[in-house]
Amino acid sequence: MTTPRTPLIAGNWKMNGLQGDGRALASAVADFLKSQGAANFEMLVCPPFTLISAVHDALAGSGVKLGAQDCSTAAKGAHTGDISTDMLADAGCTYVLVGHSERRTDHRETDELVNAKAVAAHTSGLNAVICIGETEAERDGGKTLDVVKSQIAGSVPGSATAANTVVAYEPVWAIGTGRTPTIDEVQDVHAFIRSELAAKLGQDVADGIRLLYGGSMNPGNASELLALGDVDGGLIGGASLKPEDFAAIATSCPA
Ligand code: PEP
């Protein structure tokens, strides 16, 4: 039996915002979701660590979910500058992004590390949003499916279930560039990701895991992306910093 997959509209604020900006943006998203009544989508915002507390307060009672952009694999102790998944849960987060391409590039994060971060998230009761996607050179070399296959094999842990894991497909060359794959390419890669998840975790689990598309999603292209059969939401960077654009993307989810 296929588990229904409620679309998830997730905002990755990256390294943007001071306290006042974070509060204002979170309040606008909260007000929007409250105005929707029984929405047919869920919303998630992932602010930088410094804004988590203020955003948590601003989102109270709205139903908008709170996530972090990264976590440590360690539970606690001598890891200067790191933040554990228990700390994130304690601060009110229910989601954490792991393996975003900017972490993979800037901090040389490997699939093995991303996998361990996802396990840490699961251990603390958090949902892991595991990010994968090919570079432009890999795409040009016809290696997209090979890269995605190997990232799923390496980054998605055996503890992944539909209740604790979301996979975000983000072609690296589409992030922040205004470029996107064609609609057919997005659907084909998402269908391939689901089949790889099925081979690894079983068909039922794979059918329930939400697959997000990320990479220059905006109000102009969201409707056709979100209508695809294996696209269950979006991971949105730039447009998530503009509350009206983020809201317009959310209302583009198919009824
Ligand atoms: C992202 O950073 O995850 C992202 C998809 O960014 P943008 O929407 O700006 O391309």
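## A parallel barrel and its helices

Strands 4 and 5 pair in the parallel sense, with four bridges between them. In one of these, L97 has V129 of strand 5 as its bridge partner. This is a predicted model, and that pairing is a handy place to start a tour of it.

Strand 5 is mostly covered, since six of its six residues are buried. N127, V129 and C131 point one way from the strand, while A128, I130 and I132 point the other way.

On one side, strand 3 (residues 65-68) runs parallel to strand 4 and is joined to it by two bridges, with A68 partnered by V96. On the other, strand 5 pairs with strand 6 in the parallel sense over five bridges, and I130 stands opposite V167 in strand 6. Strand 1 (residues 8-12) and strand 2 (residues 42-46) are also parallel, over five bridges; there, G11 has V45 as its partner in strand 2. Pairing of this kind, whether parallel or antiparallel, goes through backbone hydrogen bonds.

What do the eight strands close into, and in which order? They form a barrel in the order 1-2-3-4-5-6-7-8, with parallel pairing. From one strand to the next, the twist averages 25°.

| Strand pair | Sense | Bridges | A facing pair |
|---|---|---|---|
| Strand 1 and strand 2 | parallel | five | G11 and V45 |
| Strand 3 and strand 4 | parallel | two | A68 and V96 |
| Strand 4 and strand 5 | parallel | four | L97 and V129 |
| Strand 5 and strand 6 | parallel | five | I130 and V167 |

Next, the helices. Helix 8 (residues 183-201) lies across strand 5 (127-132), strand 6 (165-169) and strand 7 (210-214), and runs at about 145° to strand 7. Helix 11 (residues 243-250) lies across strand 1, strand 2 and strand 8 (233-236), at about 155° to strand 1. The buried residues of helix 11 are D245, F246, A247, I249 and A250. Their packing partners are strand 1, helix 1, strand 2, helix 10 and strand 8.

Helices also meet each other. The axes of helix 1 (residues 19-35) and helix 2 (residues 52-59) come within 8 Å and cross at roughly 30°, so these two helices are roughly parallel to each other. Their crossing is right-handed. Helix 1 brings Q19, G22, R23, A26, S27 and A30 to the contact, and helix 2 brings A54, V55, A58 and L59. As background, an α-helix has 3.6 residues a turn, so residues three or four places apart point the same way.

For helix 7 (residues 144-155) and helix 8, the axes come within 10 Å and cross at roughly 35°. That crossing is right-handed too. On the helix 7 side the contact uses T144, L145, V148, K149, I152 and A153; these meet V189, F192, I193, E196, L197 and K200 in helix 8.

How many aromatic pairs are there? The count comes to two. F32 and F41 form a stacked pair, because their ring centres are 6.2 Å apart and their planes are at 10°. F32 has a relative accessibility of 14%, so it counts as buried. F41 is buried as well, with a relative accessible area of 6%.

Last, a few loop residues. Most residues other than glycine have a negative phi. K14, which is not a glycine, has a positive phi of about 55°. It sits in the loop between strand 1 and helix 1. Buried would need under 20% relative accessible area, and K14, at 21%, is therefore partly exposed.

S216 is another non-glycine residue with a positive phi, near 60°. Its place is in the loop between strand 7 and helix 10 (222-226). Is S216 buried or exposed? At 17% relative accessibility, S216 counts as buried.

G176 is in the loop between strand 6 and helix 8. At 76% relative accessibility, G176 counts as exposed. Its C-alpha atom is separated by 9.8 Å from that of G214, a residue 38 residues apart from it along the chain.

Notes: Residues are numbered from 1 along each chain as its sequence is written. This is a predicted model: local features need pLDDT of at least 70, side-chain atom pairs count only at pLDDT 80 or more; totals for chains, interfaces and linings use all residues. Side-chain values use heavy atoms; hydrogens and water are left out. Rings of Phe, Tyr and Trp (its six-membered ring) pair if their centres lie within 6.5 Å; planes under 30 degrees apart count as stacked, over 60 as edge-to-face and the rest as tilted. Buried means under 20% relative accessible area, exposed over 50%, partly exposed in between (1.4 Å probe, protein chains only). Two strands pair if DSSP finds at least two bridges between them. Axes are lines fitted to C-alpha atoms, for helices over the stretch in contact, and angles run from 0 to 180 degrees between N-to-C directions. Contact means heavy atoms within 4.5 Å. Angles under 35 degrees count as roughly parallel, over 145 as roughly antiparallel, 65 to 115 as roughly perpendicular and the rest as oblique. A crossing is left-handed if the near helix is turned anticlockwise from the far one by less than a right angle, and right-handed if clockwise.
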